[in-house]
Amino acid sequence: MLAPTESAIRASFVNTTQGESKRLALPHDLDARSWSDLDFLGWRDPAAPQRAYLVTETDGELVGVALRVAPQQTGRVRRSMCSLCLTTHTGDGVSLMTARKAGSGGRQGNSVGVYVCSDLACSLYLRGKKHAGPRMHETLTVAEKIDRTRATLTAFLRKVTE
Ligand SMILES: [Zn+2]
């Protein structure tokens, strides 16, 4: 994706109030990101780790969603898979994140959940720039995996906004 400005990021959120999007904590290293390697920008609020945010481009438009990270069940060694990039993690590497739906659906308390890498670094796992142990063997190329991840993400965003 292309590097967005801070104000474009704040304006992109579809499921927050204006006050929430004005106040939310943006990453401090936006200038240092390797934007061409990112299918989406995802981050956790360091002061409130149960808050996560995801911003991406769909059809040339920036779309952002605020997510709530479900508490991890501790004490169990387990493996789980990110539904966006299909990276398998052990322990707390995958989290259930839920987005309040946009508009009237959200006001009625409806939300949509997705299992996603807890660090929201799917783009880097896909490109082999970050590792989480052995990957499921697939014959797809990296470009095909990126396409699949984008399609899954677009479908998720559509559920949030429909
Ligand atoms: Zn992932």
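Strands S2 and S3 run antiparallel and are joined by 8 bridges. Helices and strands here are DSSP runs (H or I, at least four residues, for helices; E, at least two, for strands), numbered from the N terminus, and two strands pair if DSSP finds at least two bridges between them. Within this pair, Arg51 stands opposite Arg68 in S3. The hairpin of S2 and S3 has 2 residues between the strands, and Asp59 there takes a positive phi near 50°.

Before going further, a word on where all this comes from. This is a predicted model, in which local features need pLDDT of at least 70 and side-chain atom pairs count only at pLDDT 80 or more, while totals for chains, interfaces and linings use all residues. Residues are numbered from 1 along each chain as its sequence is written, and side-chain values use heavy atoms, with hydrogens and water left out.

Now zoom out from that hairpin. S2 and S3 belong to an open sheet of 5 strands in the order S1-S2-S3-S6-S7, paired in the antiparallel sense. Strand S1 (40-45) and strand S7 (111-117) stand at the edges with a single partner strand each, so one side of each has no neighbour in the sheet. On average, neighbouring strands of this sheet are turned by 30° against each other, direction ignored; the axes behind that angle are lines fitted to C-alpha atoms.

S1 is joined to S2 by 6 bridges, and the two run antiparallel. Another hairpin, with 2 residues, links S1 to S2, and Gly42 has Leu54 in S2 as its bridge partner.

What about the nonpolar residues? A nonpolar core is a set of buried Ala, Val, Leu, Ile, Met, Phe, Trp, Tyr and Cys residues joined through side-chain atoms within 4.5 Å. Buried means under 20% relative accessible area, exposed over 50%, and partly exposed in between (1.4 Å probe, protein chains only). The largest core has 26 residues, and those with the most contacts inside it are Leu67, Leu84, Val116, Cys122 and Phe156. Two or more residues each come from strand S2 (48-58), strand S3 (61-69), S6, S7, helix H4 (122-126) and helix H5 (142-161). H5 provides the largest share, 5 residues. A second, separate core of 13 residues includes Leu30, Trp35, Leu38 and Trp43.

Leu84, leaving out residues up to four places away in sequence, touches Phe40, Val114, Tyr115, Val116, Cys122, Thr149, Thr152 and Leu153; a contact means heavy atoms within 4.5 Å. Phe156 sits in helix H5 and is buried, at 5% relative accessibility. With neighbours within four places in sequence set aside, Phe156 is in contact with Val65, Leu67, Ala99, Val112, Gly113 and Val114. Phe156 and Val114 are 42 residues apart in sequence, with 7.7 Å between their C-alpha atoms.

Where is the open space? A pocket is found on a 1 Å grid over the protein atoms alone, as an open set of points where a 1.4 Å probe fits, with protein on both sides within 12 Å along at least five of seven lines; lining residues have an atom within 4 Å of a point. The largest pocket holds about 380 Å³ of space. It has 17 lining residues, and the closest to its centre are Glu20, Arg51, Ala66, Arg68 and Arg100. Helix H2 (18-23), S2, S3 and S6 each supply at least two residues of the lining, with S2 giving the most, 4 residues.

Ser12 is in the loop between helix H1 (6-11) and H2 and is buried at 5% relative accessibility; beyond residues up to four places away in sequence, Ser12 touches Val55, Leu62, Val63 and Gly64. Asp37, in the loop between H2 and S1, is also buried, with a relative accessible area of 14%. Apart from neighbours within four places in sequence, Asp37 is in contact with Ser123, Leu124, Arg127 and Lys129. Asn110, in the loop between helix H3 (103-107) and S7, counts as partly exposed at 35% relative accessibility.

Key. Axes are lines fitted to C-alpha atoms, for helices over the stretch in contact, and angles run from 0 to 180 degrees between N-to-C directions. Grid points are joined across faces, edges and corners, and a volume is the space filled by probe spheres set on the points.
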